[in-house]
Amino acid sequence: EQTEKDGFEHFMLKEIYEQPNAFRKTILNRIDSAGKNIVFEGLQLSSEQIHRLDKIFIIACGTAYHAGLVGKHVIEELTRIPVEVDVASEFRYRRPIVTDKTLVIVVSQSGETADTLAALRESQRLGAKVLAITNVPGSSIARDADEVIATVAGPEIAVASTKAYTSQLIAFYLFGIYLAQVKETIPEEERKVMIEALCKLPEQTEVVLQHANDIRMYAEAIKGHSSLFFIGRGIDYAVALEGSLKLKEISYIHSEAYAAGELKHGTLALIEEGTPVIALATQTELYEKMASNIKEVKARGAHVLGVTLEENIELHRNVDDVCLIPSAMALFTPVLSVIPLQLISYYTSLALGNDVDKPRNLAKSVTVE
Ligand code: G6P
């Protein structure tokens, strides 16, 4: 097992560091030589079918569901097709509005999650085409789906998903741009710029990983706390949910992710002197709104770690600690901003002496109901 860990102490840390290459492999062969178009070999969904779509459902469980929340922002922004995201175990037991004009995207690292597989079959029964984003091409979900986009993250061993999640985001970027290309919802020049920005993400992730040690110190500071909050707006809120789940899964510290604008509707009451708050502020258009939410929690004594883009100097003055990520397009920041959150949960779990790779009560893949 030690050799499989490539010198890393845990699979989770190894997998965190494998992310840049997982992105490169997931992008490989999916961009034409001119760097202008997305190509999906084997995708049968016709242009006519894409033009007919009036709704997209994204269905998944756990971390894959959180990737779907980012996917919604990406697809809606690039194509203006309405997207609904649902937890598979909810979707399958209600009467979802699915027709032959709906595309259902199921997301699953393992491709074996029972609820996601059942939701896939139910969607097909209702007449929808199902596209699977999965890391295991031979899995049950890949076999049953009408279309497959494989993430090429390689085997993920640690129960807490890292590289599979971020590779799912890459798959959503590729597919979102592809849909926009077919539907001509963004100009060709803009598409080219997006594709270039997408190709920079592996290198930018390497830059974030170089600062892993600063995060280690932050983990030491929060390990004694019993509760923590993650806040963000828009796409940052989706990342906050994933950061919070990751921390709970392996450190067993209670945490909550909140849409920053919702704080004043209740949760603000839970912020006390010293409560750690991780504030994601990567969306330039929402900086000011986030700054006022940060002031709200600071006024109640919160200790705030801000995760923001390197050019957002303004935020430094409002937070206690700051974690900077390289400048990136608004839709692409989740890939970079989630890395410090993954590292925070890893180092906190480590500092608490937990079994990082095999947290209590959790399974890597849930193949029963
Ligand atoms: C389990 C794992 C989670 C994972 C979820 C969905 O609960 O512990 O980490 O996100 O299943 O798994 P899937 O393989 O469908 O992505």
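Colleague: What makes a residue part of the shell around the ligand, and how many residues surround the ligand?

Modeller: A residue is near a molecule if its C-beta atom, placed from the backbone, lies within 6 Å of it. By that rule 16 residues surround the ligand, and the closest are Gly62, Ser108, Gln109, Ser110 and Thr113. This is a predicted model, in which local features need pLDDT of at least 70 and side-chain atom pairs count only at pLDDT 80 or more, while totals for chains, interfaces and linings use all residues. Residues are numbered from 1 along each chain as its sequence is written.

Colleague: Which helix gives the most to that shell, and what makes it a helix?

Modeller: Helix H4, residues 62–79, gives the most, with three residues. Helices are DSSP runs of H or I with at least four residues, strands are runs of E with at least two, and both are numbered from the N terminus.

Colleague: How do the residues of the shell divide by class?

Modeller: The shell has six nonpolar, nine polar and one charged residues. Ala, Val, Leu, Ile, Met, Phe, Trp, Tyr, Cys and Pro count as nonpolar, Asp, Glu, Lys and Arg as charged, and the others, Gly among them, as polar.

Colleague: What describes the packing of H2 and H8?

Modeller: Two packed helices are described by the angle between their axes and the distance between the axes. Helix H2 (residues 19–27) and helix H8 (residues 163–183) pack at an angle of about 35°, and their axes are 9 Å apart. The axes are lines fitted to C-alpha atoms over the stretch in contact, and angles run from 0 to 180 degrees between N-to-C directions.

Colleague: Which hand has the crossing of H2 and H8, and what decides it?

Modeller: H2 passes H8 in a right-handed crossing. A crossing is right-handed if the near helix is turned clockwise from the far one by less than a right angle, and left-handed if anticlockwise. H2 makes the contact with Gln19, Ala22, Phe23, Thr26 and Ile27, and H8 with Lys163, Thr166, Ser167, Ile170 and Ala171. By class, this contact of H2 with H8 holds five nonpolar, four polar and one charged residues.

Colleague: Which residues does Thr162 touch, and what counts as a contact?

Modeller: Two residues are in contact if their C-beta atoms, placed from the backbone, lie within 7 Å. Not counting residues up to four places away in sequence, Thr162 touches Met12, Glu15, Ile16, Gln19 and Gln342. Thr162 and Ile339 are 177 residues apart in sequence, but 8.4 Å apart in space, C-alpha to C-alpha.

Colleague: Why is Gln181 called buried?

Modeller: Gln181 has 21 C-beta neighbours inside 10 Å and therefore counts as buried. Gln181 belongs to helix H8. Its contacts, leaving aside neighbours within four places in sequence, are Asn37, Ile38 and Arg191.

Colleague: Why is His10 called buried?

Modeller: His10 counts as buried because it has 20 C-beta neighbours inside 10 Å. It is found in the segment before helix H1 (11–17). Leaving aside neighbours within four places in sequence, His10 is in contact with Lys5, Ala158, Val356 and Asp357. His10 and Asp357 are 347 residues apart in sequence and 6.6 Å apart in space, C-alpha to C-alpha.

Colleague: What makes a nonpolar core, and how many residues has the largest one?

Modeller: A nonpolar core is a set of buried Ala, Val, Leu, Ile, Met, Phe, Trp, Tyr and Cys residues joined through C-beta atoms within 7 Å. The largest has 121 residues, and those with the most contacts inside it are Ala60, Ile105, Val106 and Ala279. H8 gives the most to this core, with 13 residues.

Colleague: What is said of phi at Asn29, and why is Asn29 called exposed?

Modeller: Most residues other than glycine have a negative phi. Asn29, not a glycine, has a positive phi of about 65°. Asn29 has 11 C-beta neighbours inside 10 Å, so it counts as exposed.

Note on methods. Buried ≥ 20, exposed ≤ 12 C-beta atoms within 10 Å, placed from the backbone.
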